[in-house]
Amino acid sequence: MNLLNSLRAGLFLTAAMMAGPLAALELKETPGLDPSLPPVAERLPAEPLIVDLEAKGRQTGKQGGSIDTLIGRAKDVRLINVWGYARLVGYDEELELAPDILKDVTVEDGRIFTLQTRKGHKWSDGHPFGAEDIRYYFEDVVSNESLNPSGLPPFLQVNGKPPVFEVLDETTVRFTWEEPNPLFLPELAKSRSPFIYRPAHYLKQFHEKYGDPDFITSEAEKVKARSWAPLHNKKDDMYNARNIDLPSLQPWVRKRSDSDLRFILERNPFYHRVDTAGQQLPYIDDIIMTVADGKLIPAKSQAGESNLQARNLNFADITVLKKGEKQNDYTTALWANTKGSEIAILPNLTVKDPVWRELLRDTRFRHALSLAIDRKLLNRVLFFGLGKPGNDTVLPASPLYKVEYTNKWAEYDPEQANALLDEIGLTERNDEGIRLMPDGRPLEIIVETAGEEQVQDDALELVTEMWREVGVELFAKPSQRDNMRERSITGELVMSVWWGFENGIPTSEMPPDDYAPVHGDRFSWNAWGDYYETGGEGGEKPDWKPAERLMELYNSWLTSRTPEERTTIWEEILKIHAEETIHIGLVSSVPQPVVIKNLENVPLEGIYGWDPGAHFGIHRMDEFYKAD
């Protein structure tokens, strides 16, 4: 059943995820919980999300124990709200959207969304969760100018217009737009979800509409907030996990603030998922995050100090991790990285220099640079042949994948590259054999790097030799991420090296915003993205036909009604990228090491990405349990 039919029917349920009444289960109490808590039957919703682990090829687990993991900085504690991945709707391992926190979602005409929460669902502090929490978010938070002066975010607007919001009953709300809004549900499923619900019972005390003015003034003074709004924003911290008093719906909750070096995230006793054996999830009691120098995390993982580790590990660590497996009793799984390319060279198509701008927008020039790269050699040298040479595009795991997207203009052919450069008119060379640009400058390309990934620097060193063979000089310029972004904004950046598309495994139901000039923080086309984001008040209007078409297609996706329409749009977008070589991707499908120690139900083969994926989230970390 496709997504649209599932939505229309209000049916997302699979053999592995079922909503059902508690009467059908023989519930078991969770060992070690505070005895003052209500019994499990009162903690769970009336119709919890029942997880059939055997249907998923997993084992029914046992409750208890801790997972130790390492993070490179204190603020990474927020990843608990990513890895837990409890969402109103979320992606499963088949990249399909399914209700999770919600009991049901129905969609009519692509524009009327009816959301039904689970009766009896409770926040982590035991207070009821329902329609009022969604209403509070929409009416009192995101629509309040003091709290949100920039106005409604894009996913809540269609053609600049907000939805009509209705509370139908204590568990049901409805959002109605005049036109289709295909952005809405995918946004709710993101790793950094907008969390379109808030614990109203907790936050109302800090809101000028509901709270006691004297109490608000007193609390604002404690955190040096100038008024109720910044106080409310400090307390309203659904993503960053800084406010230990904020109730949550995630499987683990931060309740202590006694250390910035070691964080203990405790199980949510009111979590809404349960297995078919009647055990409330998550299986694991606590997630313990310990801050360590990011450069030391591979060695600490090898020493067996982490039960579950992917953060701060990369391909270069695989060899040393494999060596430590027997001694320290762990497994190094190799998951599929979901980036469109592990390394991509990005021409800046909105560079300020007019000569560079004309040259970089000449399709023949980008093709020549791409054809001059021996990707198979790069793959062998940098990744032991384990990656896949080719363009920055969607991967085979995506239903939108076509082999020509990967291979077009990506074969090593220096003879054709030379011919294309000659055809452009770059026939004059200096004494060192470097071609001359139309204004007489040597064809010397400065490729800026953030210096965050050694493999990017190593790749540029190899590409330097390859491009020199066709008369192009590459100079790698170490920089910093913020400096690169600033130079991109000012138009000084000519070319950069970065990761490829964040989402290399899209379906037609996911927005193609990475692939169109609609974001101002992209190194390929900052000025065009800024123009789109500011509604024409900043940046530059696209004046290059492929970019104009990509923007048209993106806008068409935003008004599409069916998966078939969206598939057609995606296919043209991907075809444009393949034909134009907008990004010069090098190698994709490079394995991501995942260290697993004394844990069951962690897949040995999985996907590792941010959106979609939420790192461990798509694999349902609440189902992992400690081995005997």
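**Aromatic contacts and an open sheet**

F138 is buried, at a relative accessible area of 8%. The model described here is predicted. F175 is also buried, because its relative accessibility of 0% falls under the 20% cut-off.

A search of the whole structure returns 29 aromatic pairs. In one of them, the ring centres of F138 and F175 lie 5.8 Å apart and the planes meet at 85°, so this pair is edge-to-face.

W123 sits in the loop between β7 (112-117) and α4 (131-142), and Y197 in the loop between α5 (184-188) and α6 (200-203). The pair therefore ties together parts that are 74 residues apart in sequence. W123 and Y197 are both buried.

A charge also meets a ring face. K204 lies over Y210, at 4.9 Å from the ring centre.

Four strands build an open sheet with mixed pairing, in the order β14-β22-β15-β24. β14 (308-309) and β24 (607-608) are at the edges. Each has a single partner strand, so one side of each lacks a neighbour in the sheet. β24 pairs with β15 (residues 331-337) in the parallel sense, over two bridges. N337 has Y608 of β24 as its bridge partner.

Note on methods. Residues numbered from 1 in each chain as written. Predicted model: local features only at pLDDT ≥ 70, side-chain atom pairs only at ≥ 80, totals over all residues. Heavy atoms only, no water. Pairing = 2+ DSSP bridges. Phe/Tyr/Trp six-rings, centres within 6.5 Å; stacked < 30°, edge-to-face > 60°. Buried < 20%, exposed > 50% of the residue type's maximum accessible area, 1.4 Å probe, protein only. Lys NZ or Arg CZ within 6 Å of the ring centre and 35° of its normal.
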